[in-house]
Each structure stands twice: as C-alpha cells, then as structure tokens.
Amino acid sequence: MLLNQFLLLSAILFTIGVYGVIVRKNGVLVLMSIELVLNAVNINLIVFSTYWGVAGQVFALFTIAIAAAEVGVGLAIVLLIYRNLRSVDIDELDEMKG
Amino acid sequence: MNSAALIIAEVVPLVTPETTFDVPANVVFAVQAVVMIFAALRVVTTKNVVHAALWLVVVLGGVGLNYILLQAEFVAVTQFLVYLGAVIVLFLFGVMLTRAPLGVSDDLDNNQKKIGIGVGVALLAVLSYALIESFGRSELTFAAYEGVAGPNTNGRTQAVSDAIFGQYLIPFEMLSLLLLAALIGAIVLARRD
C-alpha cells in the first residue's frame, strides 16, 4: 500500500470538513464537520506511526479523548445558545459585528 | 523459440516485482475510501440533521477500518467504542435537545456556498500537490512495527501501552485533568439556574 493513498484520503476528508464548517449554520452540524476534520488528522497520525514508531498511535488516542471532551463542551454551548435564542442558527450570533 | 524464452525471462521479473503490494488490502481500501468520501459529502450536504449524524457513523466506521488496515488495532477499537458508541449518541442527544427540525429542512446552510467550494478546492489542490511532491509513490513499510512481537501476541498494543505509561505519562495525566475540566464545564454550562 502506498503512503499517499491514506494521506490523500485524509486530505479529502479534511477539505470536506472545512467546507462543512464554512457552509453549515446549524450548530450541531458545524460540530459534526469539526469531527470530520479531527478524524482526518487522526488518519495522518496513524499513517506516520507506521514510519516512526508508536508515538503516533499514542497521540491519536489523545486526540480521540480530546475530541470527545470537545463534543461534550461544544454541545453544552450549543444547548446554551438554543436556550437563549430559541434557535441554533449560528448566523444569528452577530452581536460582535461592528 | 530462443528469443521467446529470452523475452519471457526479461518480462517475468517486470510483472512480478518484489513489492509489498497486497491486492486484498488495496481492494478494501478503495471500496471504503469511495464509501467514506460519499458519506462525508452527505454529512455536509444533507438537508436532514438526523441523516447527517447517521452518515457520520459511516465515516467514523471507515476511519476505524483505516486504522485496522494500518495495523493499529488498539486505536481502531477505541475509535469504534468512543466515536460510534459515545460521540454519535451525544450528537443525537444534541439534535433532540435543540429541537432540530426532524424532517427535511432548507434552513441548514448559509449563503456562503461559493466561498466554501472555493476554499475547499484551493485547500485540496494545495494539500494534494504538497503530498504528491513530498511522498510520491513511496510504499508503506510498517518499519516501526518490526521490533515488536509477532501478530498473535498483542505485541503492538503492549508497545502502545508502554509508550503511554512510560514516555507519555505526564501528558496522559494532564489528559485526565482535561477530561475532568470538560466534565465540570459541560455541567456548569448546561445546568438550569
């Protein structure tokens, strides 16, 4: 197997995730797109761990744990936005616009 | 006759090169790559929030399959447990608690689709160019796994746990602190006063 087939797959997933973050305005869907980006990074870590030792796998496990924490806090924030605005449309959060 | 044998002798080493090209793994990779890219596109384009969460299951499962192809079994099992088990349920809870529209909804995207496509294409072009320039057709060697014990001994998981509880012990402990902070933070944020 080529190194690049995994790296290109992860680049495509990363790009799709970035596209989702830009285009979506529902808060939960933005969090899902961020998960796509984090998983693309994890694939890269595992691919390079086949080259340079198990450190990549250790960092992938760390990323999985941090992503789980991020989803918990992120959904709490989205819930708070919903409770204050009665919607999760993050385009409505423009109070800091000059 | 003589020239035919010569041609065969010349051709045969060419058609059976000594590479690590294994067909089944590549077939599995191709199929799951196509499925994963399609599912990821559906996650960011579908008009139904619940469907997006369910397409995300396919992507995350495919990522776990990638880990198995790359012989990182422990990370693959963790991926299935944490992502498919916990994160998706959290997302479905989020969909439920924010009373997202359960059917088809046209109000999920903003009007930045052109910017999104532009940024995506540019990013993919730059990333692919950089990857192809730097890694070309280099083969996966699995060189890092050569020192550890054989396939029937959990040697690789032992090596990972040695690394976590040896060299990376302090980051690991910091991670538990971070999880505690996230737990308290999520409770404080979501609590009704």
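User: In this predicted model, which helices are included in what covers the buried residues of H6(B)?

Analyst: Helix H6 of chain B runs over residues 155-165, and its buried residues are Arg156(B), Ala159(B), Val160(B) and Ala163(B). They cover an arc of only 100° around the axis, so they sit on the same side of H6(B). The cover over these buried residues includes one helix from chain A and one from chain B: H3 (55-85) of chain A and H4 (73-97) of chain B.

User: Which residues is Val87(B) in contact with, leaving aside its neighbours within four places in sequence?

Analyst: Val87(B) is part of helix H4 of chain B. It counts as buried because 25 C-beta neighbours lie inside 10 Å, and the cut-off for buried is 20 or more. Once neighbours within four places in sequence are set aside, the contacts of Val87(B) are Glu35(A), Ala68(A), Val71(A) and Val82(B).

User: How many Å apart in space are Val87(B) and Ala53(B), C-alpha to C-alpha?

Analyst: Val87(B) lies in H4 of chain B. In sequence, Val87(B) and Ala53(B) are 34 residues apart. In space, their C-alpha to C-alpha distance is 9.9 Å.

User: What do the buried residues of H2(B) pack against?

Analyst: Helix H2 of chain B covers residues 23-45 and reaches 33 Å from its first C-alpha to its last, close to the 33 Å expected at 1.5 Å a residue. Its buried residues are Gln32(B), Met36(B), Ala39(B), Ala40(B), Val43(B) and Val44(B). The elements they pack against come from both chains: H1 and H2 of chain A, together with H3 of chain B.

User: Which helix gives the most to the side of chain A that touches chain B?

Analyst: The contact takes 62 residues from chain A and 71 residues from chain B. On the side of chain A, the elements that give two or more residues are helix H1 (3-23), helix H2 (27-52) and H3. The one that gives the most, with 21 residues, is H3(A).

User: How do the residues of the side of chain A that touches chain B divide into nonpolar, polar and charged?

Analyst: Chain A brings 62 residues to the contact with chain B. Sorted by type, they divide into 45 nonpolar, 13 polar and four charged.

User: What percentage of the residues of chain B count as buried?

Analyst: Chain B has seven helices and zero strands. Among its contacts with a separation of 6 or more, 54% join residues 24 or more positions apart. Of the 193 residues of chain B, the share that counts as buried is 21%.

User: Is Arg86(A) buried or exposed?

Analyst: Arg86(A) is found in the segment after H3 of chain A. Its phi is near 60°, a positive value in a residue other than glycine. Because 11 other C-beta atoms lie within 10 Å, and the cut-off is 12 or fewer, Arg86(A) counts as exposed.

User: Where does Gln71(B) lie?

Analyst: Gln71(B) is not a glycine, yet it has a positive phi of about 60°. With 17 other C-beta atoms within 10 Å, Gln71(B) is partly exposed. Its place in chain B is the loop between helix H3 (49-69) and H4.

How values were computed: Residues are numbered from 1 along each chain as its sequence is written. Chains are lettered from A and ligands numbered from 1 in the order in which they are written. This is a predicted model: local features need pLDDT of at least 70, side-chain atom pairs count only at pLDDT 80 or more; totals for chains, interfaces and linings use all residues. Helices (H or I, at least four residues) and strands (E, at least two) are DSSP runs, numbered from the N terminus. The arc is that of the directions from the helix axis to the C-beta atoms. Two residues are in contact if their C-beta atoms, placed from the backbone, lie within 7 Å. Ala, Val, Leu, Ile, Met, Phe, Trp, Tyr, Cys and Pro count as nonpolar, Asp, Glu, Lys and Arg as charged, and the others, Gly among them, as polar. The expected span of a helix is 1.5 Å times one less than its number of residues.
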